[in-house]
Amino acid sequence: MTEPHDAALDAPARRAALQRRVVASLSLAQLLSGVGNGAGLAIGSLMAVDLTGSNAFAGAATTAISVAGALSALPLAGLAVRRGRRFALSTGLLIAALGAVGMMVAPVAGSFAVLLLGAALLGVGTAANLQARFAATDLAADATRGRDLGLVVWAITIGAVAGPNLIGPGSEIGAALGLPPLSGPFLFSLAGLLLAVVVLNVGLRPDPLHYARQTGTGVPGGTRRPRAGLGEGLEAVRASPGARLGISTLVAAHLVMVAVMSMTPVHLKELASGGAGHSAAHHETSPDTLVLIGFTISLHIAGMYALSPLVGWLADRLGRPQVMLAAQAVLAAAVLTAALGQHAQAAVTAGLVLLGVGWSSAVISASAFVAESVAGERRVLVQGVSDTLMGAAGALGAAGSGIVLALVGFGGLNLAALLVIGLIAAWCLREVRRVRARRGEPAPA
């Protein structure tokens, strides 16, 4: 007669043990797959310029990555609802592995179209990596949701930072195999993505979303499975003020980050070729410049991920809206540093590092805010909607940033980003004041 009682006592311990395994497996998969994303972001804009001969197409590869990420985010969320997190994330990374092959082939074929296709397939992997952070919240306790999410985001640091820095070794390996210099690094990307799939299929058993559904933990609010469509996801977002603020914060931070980051390699190439006033479209990228760009982008990616556990802990301790507001201050400092120091490599690099820290602070705190703002299984679709809109914003930032760069330069691009940051900061400040008023605390100045 005591067995049901004993099982009930064991359930929290089992859930906690499973959550630790889920976080560890997601973290290792993020580390491995991050190699592919890092290389794609660092090299894609250079490939586009080399293949087209024009800076106007510098953001094309990043745009393809972002568009594909936006279009695939909701289908991946639907797959998670129907088949579980393991199947959805593995599918996304396998498609990205095909993209890594396409990126290797593009310089060999001299084809801009192949580059766009490869980048688009890599974008599906980016969507999968983004959704991995939400998979870490399926079984998370309320008090540690931000920490668990931050740990999974942090795990991508090693792979993502290594990706750009493997440009040099990858180019040498590629040359030994008869590949162009920009093709070789994607050998590492392909290997990392395939290994990540293996880790997910071994580590996510039982599937966290299935386990949460079966035990009634992590996804409270009923057992009805929602339709895996944009309409129901948007309906859930409209019904939740917290989801609207959280998603807006995610979208704005990603827009600003992608717009500035995707144009930084082009700007650094122009500086190396004689100054920001000289077009680098018709100058071959030297190996030294590739190393410089790879190092700069790796520092930026380190800023994006290295402090993630700390950001998650702060979001748990101080509150999600407070950290979302602080993120806007960091983003503002980033774009101002890059704008005012646009002619100095050190200032551009410092601005890019701050940009990564601000992005991390916004994404982790806002993602946790979104995850707890919607109950039931509609939460998974809302997460898909958030990533869809993030991808759309990234595509807009990547596509528009090349035009803005051509019109007003790198400094003007950063000042335009400051306007977006200011609007979100005002909204976050209003939410912080509302929370403090509810608690009877003094409002911030």
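**Figure 1. Salt bridge between aspartate 387 and arginine 133 in the predicted model.** In this predicted model, the side chains of aspartate 387 and arginine 133 form a salt bridge with an N to O distance of 3.1 Å. Aspartate 387 belongs to helix α15 and arginine 133 to helix α4, so the pair ties together parts of the chain that are 254 residues apart in sequence. Both partners are buried. For aspartate 387 the relative accessible area is 1%. Leaving aside residues up to four places away in sequence, aspartate 387 touches Ala70, Ala73, Leu130, Gln131, Arg133 and Phe134. By the rule applied here, the count of salt bridges comes to seven.

Figure 2. The side chains of glutamate 372 and arginine 145 meet in a salt bridge of 3.4 Å, N to O. This pair links distant parts of the chain, 227 residues apart: glutamate 372 is in the loop between α14 (345-371) and α15, and arginine 145 is in helix α5 (residues 145-165). Glutamate 372 has a relative accessible area of 35% and is partly exposed, whereas arginine 145 is buried at 5%. A network of salt bridges links Arg145, Asp316, Arg320 and Glu372.

**Figure 3. Salt bridge between glutamate 431 and arginine 434 within helix α15.** The N to O distance in the salt bridge between the side chains of glutamate 431 and arginine 434 is 2.7 Å. Both residues lie in helix α15, three residues apart, which is about one turn of the helix. An α-helix has 3.6 residues a turn, so residues three or four places apart point the same way. Glutamate 431 counts as buried because its relative accessibility is 14%, under the 20% limit.

Figure 4. Serine 401 is placed in helix α15 (residues 378-439). Its relative accessible area is 1%, and serine 401 is therefore buried. A polar contact of 3.4 Å joins the side chain of serine 401 to the side chain of serine 262. With residues up to four places away in sequence left out, serine 401 touches Ala259, Ser262, Met263, Leu396 and Leu413.

**Figure 5. Helix α4 and its start.** Helix α4 (residues 112-135) has 24 residues, which at 1.5 Å a residue should span 34 Å; the C-alpha atoms at its ends are 35 Å apart, in agreement with that expectation. At the start of α4, a side-chain oxygen of serine 111 comes to within 3.4 Å of the backbone nitrogen of alanine 113.

**Figure 6. Leucine 89 and the largest nonpolar core.** The largest nonpolar core comprises 112 residues, and Leu26, Leu89, Leu355 and Val382 are those with the most contacts inside it. Helix α10 (residues 241-272) contributes the largest share of this core, 15 residues. Leucine 89 touches Leu26, Ala128, Gln131, Ala132, Ala135, Leu200 and Leu204, not counting residues up to four places away in sequence.

**Figure 7. Aspartate 50 and glycine 110.** Aspartate 50 lies in helix α1 (residues 3-52). With a relative accessible area of 39%, aspartate 50 is partly exposed. Aspartate 50 and glycine 110 are 60 residues apart along the chain, and their C-alpha atoms are separated by 9.3 Å.

Figure 8. The peptide bond from arginine 205 to proline 206 is cis, with omega near 0°. Most peptide bonds are trans. Proline 206 is placed in the loop between α7 (186-203) and α8 (208-215).

**Figure 9. The protein chain as context for the close-up views.** The protein chain contains 15 helices and zero strands. Of its 445 residues, 56% are buried. Among contacts in the protein chain with a separation of 6 or more, residues 24 or more positions apart account for 84%. The chain exposes about 16900 Å², of which carbon and sulfur atoms supply 68%.

Key. Residues are numbered from 1 along each chain as its sequence is written. This is a predicted model: local features need pLDDT of at least 70, side-chain atom pairs count only at pLDDT 80 or more; totals for chains, interfaces and linings use all residues. Side-chain values use heavy atoms; hydrogens and water are left out. Helices (H or I, at least four residues) and strands (E, at least two) are DSSP runs, numbered from the N terminus. Buried means under 20% relative accessible area, exposed over 50%, partly exposed in between (1.4 Å probe, protein chains only). A polar contact is a pair of N or O atoms within 3.5 Å; within protein, one must be able to donate a hydrogen and the other to accept it, and residues adjacent in sequence count only if both atoms are side-chain atoms. Contact means heavy atoms within 4.5 Å. The expected span of a helix is 1.5 Å times one less than its number of residues. A nonpolar core is a set of buried Ala, Val, Leu, Ile, Met, Phe, Trp, Tyr and Cys residues joined through side-chain atoms within 4.5 Å. Accessible areas come from the Shrake-Rupley method with a 1.4 Å probe; for residues, only the protein chains shown count as cover. A salt bridge is a side-chain nitrogen of Lys or Arg within 4 Å of a carboxyl oxygen of Asp or Glu.
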